[in-house]
Amino acid sequence: LVLDRAWRSTFDFLGTVEWARPLGKTCVVLDLPGADFRTPDGELQGTIQAGVAQYERRRIGQRRAESGAIIRQSGRWDGGRYQAGYMPLKVVGGYRLVQDPEYAPLVRQMVTDAIKGVSILQIVQRLNDEGVPTPADAQRVRAGKPSRGALWRDNGVRRILTSPGLLGQATQMRGSVITALRDGQGKPVMLADGPLITEAEWHALQAALATRRRHRGEPQATHLLYRVAYCRKCSAPFDKKSPRA
């Protein structure tokens, strides 16, 4: 076998070797003379080679991440998915995001609806009823790939409405939260030719979403009268935890 083509994990490779031994089999690395696992010297050489292959795999991923960060810091699109409402345009030195004439008005309408109090589920229902392709599906079609016919989901709409990408900023994932990518001076990196919405609309949108978001740890409804019926004298809610229930 050619080790660094078959495995890029030392743990997986040694696991295969140990699995083969009870079966009366052994491994011989063809691209490393003398790496015959029937001998101690061969086992040492093969293990070192597996470690080098694993190191190279991780370095490749690191180099790609560093390269992508440099590209984003320069305000260029580094490939992959992008904020709904934009589309990539080839410019000198790479690609930059410009407003999508088809999806930019759609995203702005979603923002307007959310600010007016329309729920995310209602927005999702409207998009699906109108047969609007999801941004990921539209990107697949533009890349020459077949559509998957995916439906809009509430978490996808919420991700769009809470992303700083609406302001034309480059974004990054911090755990499960989308945040703005900032330069060495702490300023947001602008990735697009212009924001989809104004900063005033952004703040109004986040405030509207926050009022409808259930706080972590807040109990969900466990009784038919939960937050429906209240005492006329003390305004206490009539639920199963209330002594009046």
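Predicted model: local features only at pLDDT ≥ 70, side-chain atom pairs only at ≥ 80, totals over all residues.

Biologist: Where is Thr-134, and which residues does it touch?

Modeller: Thr-134 sits in the loop between helix 5 and helix 6. Leaving out residues up to four places away in sequence, Thr-134 touches Tyr-103, Ala-150, Leu-151 and Trp-152.

Biologist: Tyr-103 belongs to helix 4, residues 103–116. How do you know that the span of helix 4 agrees with what it should be?

Modeller: Helix 4 has 14 residues, and at 1.5 Å a residue they should span 20 Å. The end C-alpha atoms are 20 Å apart, so the two values agree.

Biologist: Which residues of helix 4 are buried, and what covers them?

Modeller: The buried ones are Tyr-103, Ala-104, Leu-106, Val-107, Met-110, Val-111, Asp-113 and Ala-114. Their cover includes strand 2 (94–99), helix 5 (120–129), helix 6 (135–142), helix 7 and helix 8 (199–211). As background, an α-helix has 3.6 residues a turn, so residues three or four places apart point the same way.

Biologist: What comes after helix 4?

Modeller: Gly-117 follows helix 4, and its phi is positive, near 110 degrees.

Biologist: How many cavities of 30 Å³ or more does a search of the whole structure find, and what makes a space a cavity?

Modeller: The search finds one. A space is a cavity because a 1.4 Å probe fits there but cannot get out. About 60 Å³ of space lies in the largest cavity.

Biologist: Which residues line the largest cavity?

Modeller: Among them are Tyr-82, Gln-83, Asp-100, Tyr-103, Pro-135 and Arg-142. Helix 6 gives the most to this lining, with four residues. By class, the lining of the largest cavity has six nonpolar, three polar and two charged residues.

Biologist: And how much space lies in the second largest pocket?

Modeller: About 300 Å³. Ten residues line the second largest pocket, and the closest to its centre are Arg-159, Thr-162, Ser-176, Val-177 and Ile-178.

Biologist: Which elements supply at least two residues of that pocket's lining?

Modeller: Helix 7 (154–161) and strand 4 (177–180) each do. Helix 7 gives the most, with three residues. The lining of the second largest pocket has three nonpolar, four polar and three charged residues.

Definitions and conventions. Residues numbered from 1 in each chain as written. Heavy atoms only, no water. 1 Å grid on protein atoms, 1.4 Å probe; cavity = no way out; pocket = protein on both sides within 12 Å on 5 of 7 lines; lining within 4 Å. Points joined across faces, edges and corners; volume = space filled by probe spheres on them. Nonpolar A, V, L, I, M, F, W, Y, C, P; charged D, E, K, R; others polar. Expected span 1.5 Å × (residues − 1). Buried < 20%, exposed > 50% of the residue type's maximum accessible area, 1.4 Å probe, protein only. Contact = heavy atoms within 4.5 Å.
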